[in-house]
Amino acid sequence: MSAEFNLIKQYFTRPNAQTDLGIGDDAALIKVSTGHQLAISSDMSVVGTHFFQDAASYDIGWKSLAVNISDMAAMGANPKWTTLSIALPEINHGWLAAFSTGFFDCADQFSVDLIGGDTTRGPLNISVTIMGETPVGKAITRNNAKAGDDIWVSGEVGHAALGLAYLQDKVSLDDEARSTCLLALNQPQPRVALGLALRDIAHSCIDISDGLLADLSHILKASRPNEIGAILQLEAMPCLNAIKARNQEPKIQQAILAGGDDYELCFTASSQQREAITTLGKKLGINITRIGETNTTGNLTVTLDNKILNTSQLGYEHFKI
């Protein structure tokens with residue numbers, strides 16, 4: 001058996017719970033539940049762009065799958081199957097053991113089967129495709145926000161970006177904030193249960209990967225031809241009290257509004273759903289915070305203490321023109 005197939009057998013092959021035929025053939029075979037649509041999303045994680053060369057391989061494994069599962073959550077889809085393609089500069093058994101453990105710990109938490117993929121030699125590069133199911137007509141999309149909707153966000157925002165800024169010696173954090181922010185950066189928690197529960201509540205939804213403002217802008221633009229805009233209150237943003245107390249600092253503002261890597265859900269819903277959303281948050285044990293509302297201005301505005309902030313940088317861009 002070749003080194004490649006040995007690697008696959010040792011680290012990435014195991015029994016699957018919801019797959020007709022998984023790893024070991026030319027293709028996997030899966031069966032979509034009656035009355036459901038297949039939701040599919042892909043993401044790449046590249047060394048030097050998405051994680052540091054010396055990042056813990058367990059965290060890389062967890063996060064490479066978690067960010068894809070988060071896409072399923074944003075669509076109100078139940079994640080079920082994934083493929084993994086990975087380029088490796090060399091076979092490092094210690095690295096692979098920890099990476100696969102992190103990957104499968106995340107897969108087990110969300111009941112996802114690894115059904116195939118590829119391995120090759122090259123600069124470290126991880127590509128994951130996730131597949132899930134949602135009942136026909138129940139998927140939550142970006143293009144249905146209504147003027148006058150409440151804007152909500154799950155969990156906390158800005159923590160992952162501040163964790164990265166701390167590692168880059170760009171910001172100081174106390175012990176609690178440092179621990180919280182690094183955990184948010186390295187092991188994001190996809191909000192699958194929330195996404196499923198929002199199917200009949202939210203008008204639109206997106207997960208926050210490139211930054212709150214950038215991703216909310218996608219909702220606003222997709223919801224045209226109506227000139228949908230929004231106004232947000234920075235003081236309403238959910239984050240640690242120690243961070244909220246510093247929200248006058250430009251670096252803190254940047255992390256909260258445009259830092260990205262949160263993988264929380266940002267969604268819009270009718271104001272008539274406020275009580276239902278608050279109750280849902282308590283039921284799931286998730287903070288869900290109303291941070292603003294949509295309007296007909298066509299503009300995205302952020303205020304702090306009723307003063308408008310400069311929000312020219314919306315979020316992370318892979319390619320700047």
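Visitor: Let me start with a helix on a sheet: which strands does H2 lie across, and at what angle does H2 run to S4?

Guide: A word on the source: this is a predicted model, in which local features need pLDDT of at least 70 and side-chain atom pairs count only at pLDDT 80 or more, while totals for chains, interfaces and linings use all residues. Residues are numbered from 1 along each chain as its sequence is written, and side-chain values use heavy atoms, with hydrogens and water left out. Helices (H or I, at least four residues) and strands (E, at least two) are DSSP runs, numbered from the N terminus. Axes are lines fitted to C-alpha atoms, for helices over the stretch in contact, and angles run from 0 to 180 degrees between N-to-C directions. Here, H2 lies across S1, S2 and strand S4 (125–135), at about 30 degrees to S4. Helix H3 (residues 93–109) lies across S2, S3 and S4, and runs at about 165 degrees to S2.

Visitor: What is the strand order of the open sheet of four strands?

Guide: Strands of a sheet pair through backbone hydrogen bonds, either parallel or antiparallel. Two strands count as paired if DSSP finds at least two bridges between them. In this sheet the order is S1-S4-S2-S3, with mixed pairing. Strand S1 (36–46) and strand S3 (113–121) are the edge strands, each pairing on one side only. Neighbouring strands here are turned by 15 degrees against each other on average, direction ignored. Strand S2 (residues 78–88) pairs with S3 in the parallel sense over eight bridges, and the bridge partner of Thr83 in S3 is Gly116.

Visitor: Is Thr119 buried or exposed?

Guide: Buried means under 20% relative accessible area, exposed over 50%, and partly exposed in between (1.4 Å probe, protein chains only). Thr119 sits in strand S3 and is buried, with a relative accessible area of 12%. Contact means heavy atoms within 4.5 Å. Leaving aside neighbours within four places in sequence, Thr119 is in contact with Glu4, Leu7, Ile8 and Ile86.

Visitor: Which strands are at the edges of the open sheet of seven strands?

Guide: That open sheet has the order S6-S8-S5-S9-S7-S10-S11, again with mixed pairing. Its edge strands are strand S6 (204–207) and strand S11 (307–308), each of which pairs on one side only. Helix H2 (residues 57–75) packs on this sheet too, touching S6 and strand S8 (265–269), and its direction makes about 175 degrees with that of S6. Helix H10 (residues 274–284) also packs on the sheet, where it touches strand S5 (150–154), S8 and strand S9 (288–295); the direction of H10 makes about 5 degrees with that of S5.

Visitor: Why is S10 described as largely enclosed?

Guide: Four of the five residues of S10 are buried, so the rest of the structure largely encloses this strand. Strand S7 (residues 229–233) is joined to S10 by four bridges, and the two run parallel; Ala230 stands opposite Leu300 in S10. Strand S10 (residues 300–304) and S11 run antiparallel, joined by two bridges. S10 and S11 form a hairpin with two residues between them, and Asp305 in the turn has a positive phi of about 55 degrees.

Visitor: Which residues touch the most other members of the largest nonpolar core?

Guide: In soluble globular proteins, nonpolar side chains tend to be buried together. A nonpolar core is a set of buried Ala, Val, Leu, Ile, Met, Phe, Trp, Tyr and Cys residues joined through side-chain atoms within 4.5 Å. Of the 46 residues in the largest core here, Phe12, Phe99 and Leu198 touch the most other members. H2 gives the most to this core, with eight residues. Apart from it lies another core, of 36 residues, among them Leu162, Ile206, Leu216 and Leu234.

Visitor: At what angle do H4 and H5 pack?

Guide: Two packed helices are described by the angle between their axes and the distance between the axes. H4 and H5 pack at about 105 degrees, with their axes 7 Å apart. They are therefore roughly perpendicular to each other (angles under 35 degrees count as roughly parallel, over 145 as roughly antiparallel, 65 to 115 as roughly perpendicular and the rest as oblique). The buried residues of H4 pack against helix H5 (175–186), helix H8 (241–244) and helix H9 (250–258).
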